[in-house]
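Here is a short briefing to read next to the model on your screen. Please have the sequence and the 3D view open as you go.

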Amino acid sequence: GRFTIRLRGPHQIDEQFIICVVPDLRIQFNRNIYLPFEGTEVPKVRMAVSTHEDMAFEPSQSAQLINRQGNLHEVLVESTENSVQGMLRYHLPEIQCELPLNIHVPKIQWRLQGLADHRFSSWCDRIDELNFDDWEATEELLLDVKMPVFIQERGKLVCDSQEDIRTLNKG
């Protein structure tokens, strides 16, 4: 079903948004999480989208529908993609319905802020190296790590030395 939610509060807060509840929609990836990768060969993400029998999922151009059996749609996309977009199509009496979907790929990404040449300032999917001279030439270097929500914003960052372990929390 499609629902409109309106939130009203103090200080003239009045927000409205639309949500859709899709029964029997299940999304499953072939891995729980995709880690940064090494080398030039980009790994593939395999995803299964299971829908109600009267629905069909059609991925956008960045993804490829590799198999469809009944209500199960198998999709392949490169792990450099942050999400898989597509259209969920179904019929109601006398009307064709389309619902856009944006499915986030569960992966870890990183970036560095503070390098003079701004290298690594965009979110990265690959494992890379930073020359120690570049590191030394900065006043302050900040490593950001982006993790999927289901990790509940907790994880451990472990450097080469076991003496330097930092627990990551939100913020």
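This is a predicted model: local features need pLDDT of at least 70, side-chain atom pairs count only at pLDDT 80 or more; totals for chains, interfaces and linings use all residues.

Residues are numbered from 1 along each chain as its sequence is written, and side-chain values use heavy atoms, with hydrogens and water left out.

**Overall make-up**

- The protein has one helix and 13 strands; both kinds of element are DSSP runs numbered from the N terminus, with helices (H or I) of at least four residues and strands (E) of at least two.
- Read from the N terminus, the order of elements is β-β-β-β-β-β-β-β-β-β-α-β-β-β.
- Of the 171 residues, 24% count as buried; buried means under 20% relative accessible area, exposed means over 50%, and partly exposed is in between (1.4 Å probe, protein chains only).

**Strands and their partners**

- An open sheet of three strands, with antiparallel pairing, has the order E5-E8-E9; two strands pair if DSSP finds at least two bridges between them.
- Its edge strands are E5 (55-59) and E9 (95-104), each of which pairs on one side only.
- From one strand to the next, the twist averages 25°, where axes are lines fitted to C-alpha atoms (for helices over the stretch in contact) and angles run from 0 to 180 degrees between N-to-C directions.
- E5 and strand E8 (residues 83-92) run antiparallel and are joined by five bridges, with Phe57 opposite Leu88 in E8.
- Strand E6 (residues 64-69) pairs with strand E7 (residues 72-78) in the antiparallel sense, over five bridges, and Gln64 stands opposite Leu76 in E7.
- E6 and E7 form a hairpin with two residues between them, and Gly70 in the turn has a positive phi of about 65°.

**Aromatic pairs**

- The structure holds two aromatic pairs; rings of Phe, Tyr and Trp (its six-membered ring) pair if their centres lie within 6.5 Å, and planes under 30 degrees apart count as stacked, over 60 as edge-to-face and the rest as tilted.
- One of them is the edge-to-face pair of Phe29 and Tyr34, with 6.3 Å centre to centre and 75° between the planes; both Phe29 and Tyr34 are buried.
- Trp110 and Phe120 form a tilted pair, with 5.3 Å centre to centre and 45° between the planes.
- Because Trp110 lies in strand E10 (residues 109-113) and Phe120 in the loop between E10 and helix H1 (132-136), this pair ties together parts that are 10 residues apart in sequence.
- Trp110 is buried, at 15% relative accessible area, and Phe120 is buried as well, at 12%.

**Cavity and pocket**

- A search of the whole structure finds one cavity of 30 Å³ or more. On a 1 Å grid over the protein atoms alone, a cavity is a set of points where a 1.4 Å probe fits but cannot get out, a pocket is an open set with protein on both sides within 12 Å along at least five of seven lines, and lining residues have an atom within 4 Å of a point.
- The largest cavity has a volume of about 40 Å³; grid points are joined across faces, edges and corners, and a volume is the space filled by probe spheres set on the points.
- Residues that line this largest cavity include Tyr34, Phe37, Lys107 and Asp125.
- By class, its lining has five nonpolar, one polar and two charged residues; Ala, Val, Leu, Ile, Met, Phe, Trp, Tyr, Cys and Pro count as nonpolar, Asp, Glu, Lys and Arg as charged, and the others, Gly among them, as polar.
- The second largest pocket holds about 250 Å³ of space, and among the residues lining this pocket are Asn82, His104, Lys107, Met147 and Phe150.
- The lining of the second largest pocket divides into six nonpolar, three polar and two charged residues.

**Loop residues**

- Glu53 sits in the loop between strand E4 (44-50) and E5, and counts as exposed at 65% relative accessibility.
- Glu53 and Gly70 are 17 residues apart in sequence and 6.8 Å apart in space, C-alpha to C-alpha.
- His11, in the loop between strand E1 (2-9) and strand E2 (13-20), has a phi near 60°, a positive value in a residue other than glycine, and is exposed at 76% relative accessible area.
- Gln12 lies in the loop between E1 and E2, has a positive phi near 60° and is exposed, with a relative accessible area of 80%.
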